Amino acid sequence: MTEVSVRGLTKHFGSVHAVEELTFEVPSGQVTGFLGPNGAGKTTTLRMALGLVRPTAGEALIGGHRYGKLAQPRRVVGALLEATGFHPGRRGRDHLRVLAQPVGVPAGRVDDVLELVGLTEAADRRVKGYSLGMRQRLGLASALLGDPEVLILDEPANGLDPAGIAWLRDLLRKEAKDGRAILVSSHVLSEVAQTVDQVVIVHEGRLRFAGALDSLGEDSLETAFLNLTGAR
């Protein structure tokens with residue numbers, strides 16, 4: 001299966017060093033938590049991995065290739081950066097159909113992912129009537145549409161209620177068990193601790209820790225995070 005490899009990834013915006021020489025791996029069959037305070041460089045890193053921002057130095061490789069060099073990127077990588085970009089007057093099902101057609105996804109896959117994310121009953125409602133949590137589920141459906149080998153998700157629990165967060169945890173664990181490489185950023189440390197196999201912690205654009213969750217020793221994830229990011 002496809003893995004993600006980040007090697008010396010660096011991004012400077014003028015005098016601002018947003019990301020500095022990040023190196024870590026996202027193995028297949030595991031959920032990797034990508035953690036850091038606000039402004040730590042997480043979203044910039046994810047955008048570089050997806051070819052949306054050009055690195056100043058280094059690279060992010062998906063199955064050994066940069067995102068822009070993948071023959072069918074949406075069939076390899078499913079991404080959710082923001083639950084936006086939906087036409088408010090379009091129905092949820094139609095939004096997915098529009099995405100499916102250019103990449104050759106079978107029509108039946110639309111119904112499959114709607115069921116997977118719990119939106120079957122709301123599929124024919126217009127997106128403008130969706131709650132934030134429903135839009136988040138639609139974004140997840142969009143990411144899963146191409147049956148990708150890699151998932152890159154930025155704050156996927158945003159807007160979900162407690163039941164929705166528990167559902168998301170089970171979904172990510174299942175997708176990892178099926179062999180996918182999953183990189184998920186989150187601020188909800190208690191939920192991350194129940195979901196991920198390994199963590200990558202960044203602060204001020206630099207790597208502070210990368211390794212298995214249980215390698216943090218006796219410290220809880222919250223304690224380790226606060227210590228590594230200088231928040232206490």
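Modeller: Axes are lines fitted to C-alpha atoms, for helices over the stretch in contact, and angles run from 0 to 180 degrees between N-to-C directions. Helices (H or I, at least four residues) and strands (E, at least two) are DSSP runs, numbered from the N terminus. This is a predicted model, where local features need pLDDT of at least 70, side-chain atom pairs count only at pLDDT 80 or more, and totals for chains, interfaces and linings use all residues. Residues are numbered from 1 along each chain as its sequence is written, and side-chain values use heavy atoms, leaving out hydrogens and water.

Colleague: At what angle do the axes of helix H3 and helix H4 cross?

Modeller: Helix H3 covers residues 92–100 and helix H4 residues 107–116. Their axes come within 10 Å, and the crossing angle is roughly 130 degrees.

Colleague: Which residues of H3 and H4 make the contact?

Modeller: Contact means heavy atoms within 4.5 Å. On H4 the contact involves Val110, Asp111, Val113 and Leu114, and on H3 it involves Arg93, Leu96, Arg97 and Ala100.

Colleague: Which residues of H1 are buried?

Modeller: Buried means under 20% relative accessible area, exposed over 50%, and partly exposed in between (1.4 Å probe, protein chains only). Helix H1, residues 42–49, is mostly covered, with six of its eight residues buried. These are Lys42, Thr44, Thr45, Leu46, Met48 and Ala49.

Colleague: How many helices and strands are in the chain?

Modeller: Of the 232 residues in the chain, 50% are buried. The secondary structure consists of eight helices and nine strands.
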